[in-house]
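Please look through the model below slowly, and keep the sequence beside it as you read. The paragraphs that follow begin with a single residue and then widen the view.

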Amino acid sequence: MKRFLAKVVKNNNFLSLGGNIAASGLGFISFAILVRYLDKDVFGNWILFLTLTTLVEMMRTGLLQTGLIKFLSGKDSEEQKVVVGTGWVFALLTTLAGALICLVLYIIASYSIRTQGVLLFFKWYPVLILVSLPFNFAAWYLQARMRFQHLLFIRSIILFCFVSCILFFLNRLSLELVVFSYIGSQVVCSIVCLLCRWTGISLILHARRSCLASLFNFGKYSMGTMLGANLLRNSDTLIIGALINAEAVALYSVPLKLFEIVEIPLRSFVATALPLMSSFLNSGEKSKVSDFFERTSGAFTLILIPFVILSILFADPLVRILGGEGYGAAANIFRVFAIFALFMPIDRYSGVALDILNKPSLNFLKVILMLTVNIAGDVLVIKLTGKVFPVAVVSIITFTTGVFLGMVFLRKYIDFSYRNILYKGAGELKLYLAKILNKIKPATH
C-alpha cells in the first residue's frame, strides 16, 4: 500500500491535478474574500480587469505553449535547445509588442472609456505582461518536460502571495490595491522561477530563424484557438457587462468560479495529455493517439457524472458558501453549468488531438464556430429577456456544437469509434479501480 501511494504521488496526472487543486483552492479563497469585502460594482470591475488580462494573456500563451510542447516532445537534447532558445526570442518579441499596443490603447481609452476595470487593464497590463514572462515561460517549459511537481510549486506560490497581499490590505481594500497585489505576486513568482533555473533562458543563444518560422506557423492557429477558447469562456461575462451592468457580472462570476470544481480534473489531465500524445505521434505510433483519445475522453465523461449530480443537488449551499447570501440567485446558473460540463471532455480532447495531428487550423475553426454560436445566442437572449440565466443555457448549445464539429473533423485523420469512447472509457475506469482495490486489499494468510 505504501509503495502504491508513493507511485501515485509521483504520477504526472496526480501532480498536474494537485497543482490545479492547490492553485484553484487559493483562487477560491481570494475570490471569496474579494466578493465579500468589495462592493458589487467594484468587484464587477475587478472581474472585468481579470477577464481582459486572461484574454490577452491567452494570445501570448497560444502563440507559444502548444507549439513549444509539440516540438520539444520526443526530440533529442540539441533539438530541444534550439526550440527553447527560439521560444524565448519569440516570447520576448510578442511581449514587447503586447506592452506597446496596450500603452497606445490606454492613451485612446482614457478619452473614451469610463469603466474602471477596463481603464486599469490598459494602464497596468504593459507592466504585468513584462514581469510575468519568466513565470509563464517556465510554466510552458516545465509542462513540456513533464515536470508537474515544479508546476505545482510555482502555481501555489503565485496565489499564496496574492492571498497574503489581499489579507494584508483587507481593512483598506480597493480595486487599485487588488490590481497591485496581483502584479506583485507575478513578480515574486517570476523571480523564483529565474533563481531556480526553470525558465531555460540561458538557451536563448541557440535560437534559429527556421525554428522561429515553424513556431509562428503553428502558433498562429494555436493562438487563435486558445484566444477563441478563452473568449468562449469569458464572452458571457463581457457581453453581460456591456449589455446589462457590473452587478450582473458579479452575479454571473460566482457560479463561473464554482464551475472550476468540474474543470480542475479535466484541465489537469489534458495538460499531461498534450506532451504524451505528441510523443506518440513523433514516435510514429498514430494508433496510440486514437486509442488514448477514446479511453481518456470516455473515462472523463463518466467520471464527471457524479460531479454533475452533486453540483445540481448542492448548488444552493455551494453558491452561498462562496459568494454569501447576496448571490443565492446564482444557484440555477451553476446547475446549468454542471449540465454542459458533460460535453467538455470530448470537446477538449478532440481539440488536443487535432493540434497534435498538426491540424491546428481545424481546431481553430471549431472554436470560432462555437464562439459565433455563443455570442449570437447571448446577445439574442439578453435582448429578449434582459436576464442573466438564459445566457448560461446558451452554453449547452455551444458545447453540443463543439462536440459535433470535433468528432467530424477528427474522423478524417484517426480511426475511432463513437461506441468505443464510452466502452473503452468504462474499461479504463474499471481497470484503474481494480488496481486501487488490489493495492488496498489487506493481505490474507
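When neighbours within four places in sequence are left aside, G406 is in contact with S350 and K366, where contact means heavy atoms within 4.5 Å. This is a predicted model, in which local features need pLDDT of at least 70 and side-chain atom pairs count only at pLDDT 80 or more, while totals for chains, interfaces and linings use all residues. Residues are numbered from 1 along each chain as its sequence is written, and side-chain values use heavy atoms, with hydrogens and water left out.

G406 is found in helix α17, residues 389-410, and its relative accessibility of 0% is why G406 counts as buried; buried means under 20% relative accessible area, exposed means over 50%, and partly exposed lies in between, with a 1.4 Å probe and protein chains only. From G406 to I346 the distance is 7.9 Å, C-alpha to C-alpha, although the two are 60 residues apart in sequence.

K366 belongs to helix α16, residues 360-385. Is K366 buried or exposed? Its relative accessibility is 2%, so K366 counts as buried. With neighbours within four places in sequence again left aside, K366 is in contact with D347, S350, G351, G402, L405, G406 and F409.

Of the 445 residues in the protein chain, 53% are buried. Among contacts between residues at least 6 apart in sequence, 83% join residues at least 24 apart. The protein chain exposes about 20200 Å², and carbon and sulfur atoms supply 67% of that area, as found by the Shrake-Rupley method with a 1.4 Å probe.

Aromatic rings come next, and the structure holds 16 aromatic pairs. Rings of Phe, Tyr and Trp (its six-membered ring) pair if their centres lie within 6.5 Å, and planes under 30 degrees apart count as stacked, over 60 as edge-to-face and the rest as tilted. For Y252 and F337 the ring centres are 5.6 Å apart and the planes stand at 85°, so this pair is edge-to-face. Because Y252 lies in helix α10 (residues 246-258) and F337 in helix α14 (residues 331-340), the pair ties together parts that are 85 residues apart in sequence. Y252 counts as buried because its relative accessibility is 0%, and F337 counts as buried because its value is 1%. Elsewhere, W46, F49, F162 and Y182 form one aromatic cluster.

The second largest pocket contains about 280 Å³ of space. On a 1 Å grid over the protein atoms alone, a pocket is an open set of points where a 1.4 Å probe fits, with protein on both sides within 12 Å along at least five of seven lines, and lining residues have an atom within 4 Å of a point. This pocket is lined by 13 residues, of which L48, L52, V118, L238 and A242 are the closest to its centre. Two or more lining residues come from each of α3 (40-72), α5 (116-131) and α9 (209-243), and α3 gives the most, with four residues.

Finally, R197 sits in the loop between α8 (175-195) and α9. Most residues other than glycine have a negative phi. R197 is not a glycine, yet it has a positive phi of about 60°. R197 counts as exposed because its relative accessibility is 73%.

Conventions:
Points joined across faces, edges and corners; volume = space filled by probe spheres on them.
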